[in-house]
Amino acid sequence: MNIPLLDLKAQFQPLRAEIMAAVQTVCDEQGFILGPRVVAFEEAVAKYTGARYAISCASGSDALLLSLMAMGVGHGDEVITVPFTFFATAGAISRLGAKPVFIDIQRDTFNLDPAQLERAITPRTKAIIPVHLFGQCADMEAINRIAHAHKIPVIEDACQAIGAGQGGKRAGVLGETACFSFFPSKNLGGFGDGGMITTNEQTLADSLSMLRVHGSRVRYLHEAIGINSRLDALQAVVLHIKLKYLDQWAEGRRRNAARYEQLFKDAGLLDRVTLPVTRPGNFHVYNQYTVRVSKRDELRAYLKDKGVGTEIYYPLPMHLQQCYQDIGHRTGAFPESERAAEEVLSLPIFAELTEAQLAYVVEMMAGFYTR
Ligand SMILES: *Cc1c(COP(=O)(O)O)cnc(C)c1O
């Protein structure tokens, strides 16, 4: 069998006619950047997440950057986040001349550990960015309680978590702003880059709309130094169609996760493979199905040989990246992040996987450990 980590062609085929018709409409209209098609999609995302406002932009990375800009983060400021994430989370902070202040993750969820938050806060802390890694929300109740006591805004890095929930609310309304990515491999993936910021605060929404068009509200008059970061109408129509299917795809991912759990149990692999944990009150949408395994790199090579695609999200935590050596962290500074980087392996979880394919993945893993 040949099972890729993600098969976007399988998702596209049934939607082909619907998407091609929408793309053709945009081509006929020749309106490409922002405009009514983009506004319609923004309104749909606001409704979906439950947020009052949704402001689109060019990528999830820019959604983070714009959120920080709207909150006035700049030189000399500190922003707290985790080292175990995609680079964009920390990169957005550094791009503005601010300093990423890292705190470690929880072992079971891979998300920011709220127990370590309070002592990382200083008078320079301007924002906190918890990441909803792999499709499960960070403990926002605990994080918000501490953040609000210090009057520090919280930015959800929900780039992997559109549709994820906590306490009956969806990612998108659990912080002051939330950042989404429509990178093709995300649960709602476009045909290229795209991003969105949601918020319930009108002043933030106004600033974000201004900042994404070079700090301008009235054409050629610039009240702030913004950036050029907008969503294309072509992306908006594709994403608007795909949004209708998002919950159904998430259900498929959740069904596959449940199936994996049963298969790993039946194969007697639970001492070798640590399965993802969903904390009570969380609705996990499994952008990635990430297990911890022993002999990870050997296993990965073995699975590749057997036709099973996997990925390591992420092999090197931020505090050990070359570009962050100036901060001065050494190996051992964030042991849970470092341990995760050595143990994690993401397995195929996309909605269209068949029972036989899931069984094959587990069978091959069992084969590796009983060699
Ligand atoms: C994908 C991702 C981003 C960045 O999104 P892009 O659209 O690729 O810029 C940021 N944070 C996390 C956690 C992500 O997974």
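The centres of domain 1 and domain 2, taken over C-alpha atoms, are separated by 25 Å. To the contact, domain 1 contributes 37 residues and domain 2 contributes 32 residues. The model is predicted. Within the protein chain, domain 1 covers 8-103 + 110-243, while domain 2 covers 246-369.

**Extent of the interface**

The size of an interface is often given as the accessible area lost when the parts come together. Between domain 1 and domain 2, about 3,000 Å² is buried, and carbon and sulfur atoms give 59% of this area.

**Polar and charged links**

Between the two domains, 22 residue pairs are in polar contact, with both residues at pLDDT 80 or more. The count of salt bridges between domain 1 and domain 2 is one. A salt bridge joins the side chains of Asp247 and Arg170, with an N to O distance of 3.2 Å.

**The side of domain 1 that touches domain 2**

Several elements each give two or more residues to this side of domain 1; they are listed below.

| Element of domain 1 | Residues |
|---|---|
| α1 | 8-12 |
| α5 | 87-95 |
| β3 | 99-102 |
| β6 | 165-166 |
| α8 | 233-243 |

Among these elements, α5 gives the most to the side that touches domain 2, with four residues. By residue type, the side of domain 1 that touches domain 2 consists of 20 nonpolar, 13 polar and four charged residues.

Key
Residues numbered from 1 in each chain as written. Predicted model: local features only at pLDDT ≥ 70, side-chain atom pairs only at ≥ 80, totals over all residues. Heavy atoms only, no water. Domains from an automatic or database assignment. Contact = heavy atoms within 4.5 Å. Buried area = accessible area lost by both parts, 1.4 Å probe. Salt bridge = Lys/Arg side-chain N within 4 Å of Asp/Glu carboxyl O. Polar contact = N/O pair within 3.5 Å; in protein donor to acceptor, adjacent residues only side chain to side chain. Nonpolar A, V, L, I, M, F, W, Y, C, P; charged D, E, K, R; others polar.
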